[in-house]
Amino acid sequence: MEWDVFRWAVVIAGLCLCAPAFADSADTARQLEAQAASAPLAERATLYARAGRQWLLAGQAPRALAAQSEALALAPDAATYVDRSIAHRLMGHPWDAMDDLNRVLDREPRHVEALVFRAELYRAIGHLELA
């Protein structure tokens with residue numbers, strides 16, 4: 001099971017690196033953000049989180065970060081914290097990414113995706129003993 005999660009993480013990272021090819025993702029993200037602005041409060045967090053994922057696929061980490069931060073301000077959610085950690089990482093902010101992953105693991109210590117991403121992040125910043 002751990003190998004499957006690692007392979008999934010590699011696929012997601014690859015999608016983010018190849019994201020400029022996903023021009024439709026930016027259009028989708030814009031549409032979701034427009035919907036979120038006028039949506040009932042209960043739906044806004046979900047729409048902003050979805051927009052953030054689309055911005056990641058479009059290779060727009062700063063816009064993904066903004067959308068995910070909006071979502072988290074409305075309704076903190078483990079999946080959105082993990083997504084935002086990816087945006088932080090792509091923008092070269094490893095410690096902000098680590099903070100988001102630790103928030104997830106404080107609430108859900110066995111959250112596999114957060115554990116894998118945090119271990120990879122520790123490796124990337126040279127703390128192999130913590131990975």
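This is a selection-by-selection tour of a predicted model.

Residues are numbered from 1 along each chain as its sequence is written. Because the model is predicted, local features need pLDDT of at least 70 and side-chain atom pairs count only at pLDDT 80 or more, while totals for chains, interfaces and linings use all residues, and side-chain values use heavy atoms, with hydrogens and water left out.

**Whole chain**

Start with the cartoon. The protein has seven helices and zero strands; helices (H or I, at least four residues) and strands (E, at least two) are DSSP runs, numbered from the N terminus. Colour by burial next: of the 131 residues, 36% are buried, where buried means under 20% relative accessible area, exposed over 50%, and partly exposed in between (1.4 Å probe, protein chains only). The accessible surface is about 7600 Å², and carbon and sulfur atoms hold 56% of that surface; the areas come from the Shrake-Rupley method with a 1.4 Å probe, and for residues only the protein chains shown count as cover.

**Nonpolar core**

Select W55, V82, L101, V104 and A114. These have the most contacts inside the largest nonpolar core, which has 31 residues. A nonpolar core is a set of buried Ala, Val, Leu, Ile, Met, Phe, Trp, Tyr and Cys residues joined through side-chain atoms within 4.5 Å. Helices 2 (23–38), 3 (41–57), 4 (61–74), 5 (78–90), 6 (94–107) and 7 (112–124) each supply at least two residues of this core, and helix 3 gives the most, with six.

Centre on W55. Setting aside neighbours within four places in sequence, W55 is in contact (heavy atoms within 4.5 Å) with A26, A29, R30, E33, Q60, R63, A64 and A67.

**Helix 5**

Now select 78–90. Helix 5 has 13 residues and spans 19 Å from first C-alpha to last, close to the 18 Å expected at 1.5 Å a residue; the expected span is 1.5 Å times one less than the number of residues. Ten of the 13 residues are buried, among them Y81, V82 and I86. At the start of the helix, a side-chain oxygen of D77 comes to within 3.2 Å of the backbone nitrogen of A79. Just after the helix, G92 has a positive phi of about 85°.

**Salt bridges**

Show the charged side chains. The whole structure contains five salt bridges, each a side-chain nitrogen of Lys or Arg within 4 Å of a carboxyl oxygen of Asp or Glu.

- R53 and D83 meet at 2.7 Å, N to O; the pair links helix 3 to helix 5, 30 residues apart. R53 is partly exposed at 33% relative accessibility, whereas D83 is buried at 10%.
- D100 and R84 have their closest N and O atoms 2.7 Å apart. D100 lies in helix 6 and R84 in helix 5, so the pair ties together parts 16 residues apart in sequence. Both D100 and R84 are buried, and R84, D100 and R103 are linked in a network of salt bridges.
- D27 and R30 approach to 3.0 Å; both lie in helix 2, three residues apart, about one turn of the helix.

**Last stops**

Select H111, in the loop between helix 6 and helix 7. H111 counts as buried because its relative accessible area is 14%. Residues up to four places away aside, H111 touches A78, V82, V104 and L105.

Finish at L41, in helix 3. L41 counts as exposed because its relative accessibility is 56%. A C-alpha distance from L41 to L74 gives 8.1 Å, across 33 residues of sequence.

How values were computed
Polar contact = N/O pair within 3.5 Å; in protein donor to acceptor, adjacent residues only side chain to side chain.
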